[in-house]
Amino acid sequence: MGEAVYPVPENWAANALVDEARYFEMYRQSIEDPDAFWAEHGKRIDWIKPFTKVKNTSYHEADFGIRWFEDGSLNLSANCLDRHLATRGDDIAILWEPDSPTEPERRITYRQLHEQVCRFANLLKSRGVKKGERVTIYLPMVPEAAVAMLACARIGAIHSIVFAGFSPDALAGRIIDCDSRIVLTADEGLRGGKKVPLKANVDEALKQCPDVDTVVLLRRTGADVAFVEGRDIEWASAVARQSADCAPEEMSAEDPLFILYTSGSTGKPKGVLHTTGGYAVWASMTHEYVFDYRPGQIYWCAADIGWVTGHSYVVYGPLMNGATTVMFEGVPNFPDPSRFWQVVDKFGVEIFYGAPTALRALMREGDEWVKKTSRQSLRLLGSVGEPINPEAWEWYHKVVGDARCPIVDTWWQTETGGAMITPLPGATPLKPGSASRPFFGVKPALVDNDGNFLDGATDGCLVVTDSWPGQMRTVWGDHERFFQTYFSTFKGLYFTGDGCRRDEDGYYWITGRIDDVINVSGHRMGTAEIESALVAHPKVAEAAVVGMPHDIKGQGIYAFVTCNAEIEPDEALRKELVAWVRHEIGPIATPDVIQFAPGLPKTRSGKIMRRILRKIGENDVSNLGDTSTLADPSVVDNLLANRPQLA
Ligand code: 6R9
């Protein structure tokens, strides 16, 4: 593969926050003396009580723990709002673009946002919400979602955002797991002209959650929805009654900020917990350096707040940096595939940060949709969520960015809080498809399956050898699972779950998950979750799910299903199971392929041989590897003979 390299454009090298020499210098300092480096950069945010201790972390079982800036105190909403009031109170904080271009946008200044957050914080308090309590947010991409997050941060409540595409069951599971008694939602969401019945989903979910005593209802579409007296309250009128004065709660650096559920290789989704001080430093610093952000620039991250990217790069990072952050309610191809670029032109967006899956979908629609827009305002492009294939990268660069804008391909995870391996636009020559080099303070390494470090240009399992401020601190309610999941595979190292190649220039190329997690359109799905949804169907005896290559989504979902003995599987059952999974988890978990099989390939000890199923899913069946441990080899012949025809 002849690798293209795009040098740093001269104007970037000359004007960016850091050029290449400065990057290497700062990176060296951050690794050689993390205490000094982070003592300095920790000052970028406002502390109520300044920290004197910086790093106190260990990945080893005996003294395991992750603490940063632990004796400092701060409030994150004050860092996002109050600190800007004197200097840029009348600047636009949130520039909101609705689903439909015919509806007007909303422009909310820092001063207005501050007021809304204070009022909403007082509303939460009036319902008895205390510091440390969990608040579930199930809202569409509207400014009130950011208001809710910041209001929680203001009073020290822990928010748990559940993506508004998740089903009532998935929502209920998350409410119960974090023991939340208040839910914030809207009547309906709007995406691509379609309505999402959020309030009805909440009502359905709450049948399983007797402890929820308050639902705050935002009116988005005005749909007629059920209203439970005593439990439900109207967002607008309740907020109007509150005072616009709310002092920020003093939080210790290690007090929890939010929980965000994410899929792992086993069991149910885990509540990733981030704390306040380290996360604040990490989200704001990565946002500033990765996007070379300067106050006044119009910045747009097209992620949903239901995912970590929305937390760190729609809300917290940009607002801490006093940015104007665009918040988009809609989808890339509604009403037509020019939508993204029309919004770029409408607002004069300078920095655009999106997902490869959206780019691939738009690329397929043809260049005209892009070319009929100006995009002259764009200076920098970003990518996140999954590996970006070089073809999509080149298209993004040439067609969207007119070969003028660097692309920052940022590798990171819900667990890492912010970007970890990423180019810096003024410092990093770009290679399409590579996330390039580590951010300050990040020590990536590659190990083999036995945990031996691998040097030089090689393939391996991606680990991080030391802590960084934005790292998650625990799995909510299950600290042991935190340790087991991330620090026990390779002793003393943080295991990312990703495979990776490092080239001769020290660039990292993420190759994708090597655990039982699949990445569908940039969304993480545990195969175990989809399997347990399938086996919950009364006609299903057993199921195994693997990823399959998918042109647009990156990976698709391939499910092998064995039915109960008396069942004759047919097309109707296939449709029923697809609908079932959508209902159990949500549309993002829709199986692309369901293959009915009389049996699954198992070892004599009864373990499903996923390796074989993965190969079938990848349509790479010429060499299935060692099949000698199969209990019944004819099972595999049957699977191969009955593979569905794929388009
Ligand atoms: C931020 C986010 C994390 C997983 C991660 C990896 C994949 C994310 C990537 C990327 C290659 C990139 N991933 N960014 N792979 N290049 N630039 O997406 O968090 O939803 O937790 O997913 O996504 O596999 O392990 P999350």
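A: The side chains of Glu 415 and Arg 524 meet in a salt bridge, with 2.9 Å from N to O; the term stands for a side-chain nitrogen of Lys or Arg within 4 Å of a carboxyl oxygen of Asp or Glu. The model is predicted, so local features need pLDDT of at least 70 and side-chain atom pairs count only at pLDDT 80 or more, while totals for chains, interfaces and linings use all residues. Residues are numbered from 1 along each chain as its sequence is written, and side-chain values use heavy atoms, with hydrogens and water left out.

The domain assignment gives domain 1 as 10-78 + 274-441 + 482-512 and domain 2 as 521-642; such bounds come from an automatic or database assignment. Between the C-alpha centres of domain 1 and domain 2 there are 34 Å. Domain 1 brings 10 residues to the contact and domain 2 brings nine, where contact means heavy atoms within 4.5 Å.

The rule finds one salt bridge across the interface of domain 1 and domain 2. It also finds five residue pairs in polar contact across this interface, both residues being at pLDDT 80 or more. A polar contact is a pair of N or O atoms within 3.5 Å; within protein, one must be able to donate a hydrogen and the other to accept it, and residues adjacent in sequence count only if both atoms are side-chain atoms. On the side of domain 1 that touches domain 2, two residues are nonpolar, four polar and four charged. Here Ala, Val, Leu, Ile, Met, Phe, Trp, Tyr, Cys and Pro count as nonpolar, Asp, Glu, Lys and Arg as charged, and the others, Gly among them, as polar.

As for area, domain 1 and domain 2 bury about 730 Å² between them, and 52% of it is on carbon and sulfur atoms. Buried area is the accessible area (1.4 Å probe) that two parts lose on being put together, summed over both. Of the area that domain 1 buries against domain 2, Trp 307, Thr 357 and Arg 360 supply 56%, more than any other three residues.
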